[in-house]
Amino acid sequence: MKPWLWLSPQFAHDIAPLALRLGAAFKTDEIPIWKPLKWNGLSFPNRLGLAGGVDKDGESIEEWWAYGVGFVEVGTITPRAQGPNPGVIMSRDLPSKALWNKMGFPGRGVDIARENFKDLPPRRRTPVFANIGKNRDTSNDDAVKDYAACMQTLDGLADAFVVNISSPNTTGLRELLQPRRFQKFLGGVLAAKNKIESSNTPVLLKMSPDAEDSDLQSVIKIACDLGIDGFIATNTTLAREHGSPFPPEGGVSGSPLAARSKEVLQLVRDAAGPRKLVVSVGGVMTPLDVRERLDLGADLVQIYSALIFEGPGFFKHVAREMQSQR
Ligand SMILES: Cc1cc2nc3c(=O)[nH]c(=O)nc-3n(C[C@H](O)[C@H](O)[C@H](O)COP(=O)(O)O)c2cc1C
């Protein structure tokens with residue numbers, strides 16, 4: 001039974017943190033261990049984590065642990081608090097198992113996220129990544145300053161930073177991914193990271209599914225030359241399937257994204273080589289999908305849409321399947 005699917009997407013989204021807390025309150029079990037991974041000094045008990053955008057401020061990290069996640073990505077965190085884009089910001093289509101959103105990084109700002117990271121127990125049950133972005137009223141020319149501010153504020157608290165310039169819902173953001181702007185931007189972000197105290201914190205780049213393959217290859221080459229530690233593929237898409245019920249603006253996720261997400265995963269793995277951390281996200285809806293992404297070269301896998309269609313029990317469902325197939 002999935003009673004939340006009877007509610008409006010916005011209402012279900014608004015009450016999710018409370019429902020999550022209630023559901024997690026009596027769960028004390030260990031995080032399921034399957035295919036554990038050690039990377040860069042971090043220990044992942046399993047390969048399936050929470051994608052960016054679910055826990056924007058890091059308010060429910062311990063609840064996600066109770067549901068058995070292998071890692072949590074908090075954010076997108078911006079330097080200053082900001083509200084969502086105007087109008088309807090999310091919708092879903094049950095027959096095609098698709099979500100649509102044009103949220104635009106609503107959040108309480110990096111100072112609140114910092115408090116939430118500081119409240120975590122000293123021994124974290126999984127790695128916690130911080131996905132960082134710019135405020136919508138910061139120009140692209142000043143974007144590096146926003147990413148630098150987030151890293152400085154979360155210095156020593158995030159286990160990895162995820163640089164998000166692939167969201168379609170902040171006007172002009174994806175222009176930073178154009179190869180001619182990208183080098184200066186990422187060079188600036190990595191230089192700022194090298195100045196923080198925990199300068200060995202790894203940095204991952206979140207990719208867009210909508211760029212041409214040749215542009216993706218250029219971006220990956222530049223990022224690797226600059227010393228990036230890994231990639232997350234992919235963010236939501238502006239592409240629409242024939243008959244899609246969603247408006248042309250905004251990002252689509254879930255099943256319609258799966259084919260392109262897998263293509264980009266393979267492209268990233270080929271272009272980045274075996275040593276970079278590669279995280280696959282986009283249209284992972286079943287335990288078999290998780291296995292397929294790992295077989296295609298992903299080190300880690302994430303979900304957002306599957307949480308809406310299957311509920312938070314999905315993490316343990318996948319764990320049971322993986323453990324029974326060993
Ligand atoms: C409502 C919603 C909000 C999202 N917010 C963010 C975000 O703030 N930052 C980010 O990097 N990705 C965000 N995403 C993208 C997801 O992290 C993920 O890349 C995408 O949804 C594809 O995965 P899925 O098919 O499992 O949903 C969001 C996705 C949805 C559906």
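# Briefing: helix packing, an open sheet and local backbone features

In helix H10 (residues 314-324), the buried residues are Phe314, Phe315, Lys316, Val318, Ala319 and Met322. The cover over these buried residues of H10 includes strand S3 (48-50), helix H2 (61-66), helix H8 (287-295), strand S13 (300-303) and helix H9 (305-310). The model is predicted.

**Packing of H4 and H5**

- Two packed helices are described by the angle between their axes and the distance between the axes.
- For helix H4 (residues 143-153) and helix H5 (residues 179-195), the axes come within 9 Å and cross at roughly 25 degrees. Because angles under 35 degrees count as roughly parallel, H4 is classed as roughly parallel to H5.
- The crossing in which H4 passes H5 is right-handed.
- On the H4 side, the contact is made by Ala143, Val144, Tyr147, Ala148 and Met151. These residues meet Phe185, Gly188, Val189, Ala192 and Lys193 of H5.
- By class, the residues of the contact between H4 and H5 comprise eight nonpolar, one polar and one charged.

**The sheet S5-S6-S11**

- An open sheet is formed by three strands in the order S5-S6-S11, with antiparallel pairing.
- From one strand to the next, the twist averages 20 degrees.
- Strand S5 (residues 90-93) and strand S6 (residues 98-101) run antiparallel and are joined by four bridges.
- Within this pairing, Ser91 stands opposite Trp100 in S6, and Arg92 stands opposite Leu99 in S6.
- In a regular strand the side chains alternate between the two faces of the sheet.
- The hairpin of S5 and S6 has four residues between the strands, and Lys97 in this hairpin takes a positive phi near 45 degrees.

**Backbone geometry**

- Most residues other than glycine have a negative phi, and most peptide bonds are trans.
- Asn40 has phi near 55 degrees, a positive value in a residue other than glycine. Asn40 is located in the loop between strand S1 (37-39) and strand S2 (42-44), and with a relative accessible area of 46% this residue is partly exposed.
- Phe105 likewise has a positive phi, near 55 degrees, and is a residue other than glycine. The loop between S6 and H3 holds Phe105. Phe105 is buried, because its relative accessible area is 5%, and buried means under 20%.
- A cis peptide bond runs from Gly75 to Thr76, with omega near 15 degrees. Thr76 belongs to strand S4 (residues 72-77).
- The peptide bond from Ala233 to Thr234 is cis, with omega near 15 degrees. Thr234 is placed in the loop between strand S10 (230-233) and S11.

**Arg123**

- Arg123 is part of the loop between helix H3 (110-118) and strand S7 (128-132).
- Arg123 counts as exposed because its relative accessible area is 75%, and the class requires over 50%.
- Arg123 and Arg47 are 76 residues apart along the chain, and their C-alpha atoms are separated by 19 Å.

How values were computed: Residues numbered from 1 in each chain as written. Predicted model: local features only at pLDDT ≥ 70, side-chain atom pairs only at ≥ 80, totals over all residues. Heavy atoms only, no water. Axes fitted to C-alpha atoms, helices over the stretch in contact; angles between N-to-C directions. Helix = DSSP H or I, 4+ residues; strand = E, 2+ residues; numbered from the N terminus. Parallel < 35°, antiparallel > 145°, perpendicular 65-115°, else oblique. Left-handed = near helix turned anticlockwise from the far one by under 90°. Contact = heavy atoms within 4.5 Å. Nonpolar A, V, L, I, M, F, W, Y, C, P; charged D, E, K, R; others polar. Pairing = 2+ DSSP bridges. Buried < 20%, exposed > 50% of the residue type's maximum accessible area, 1.4 Å probe, protein only.
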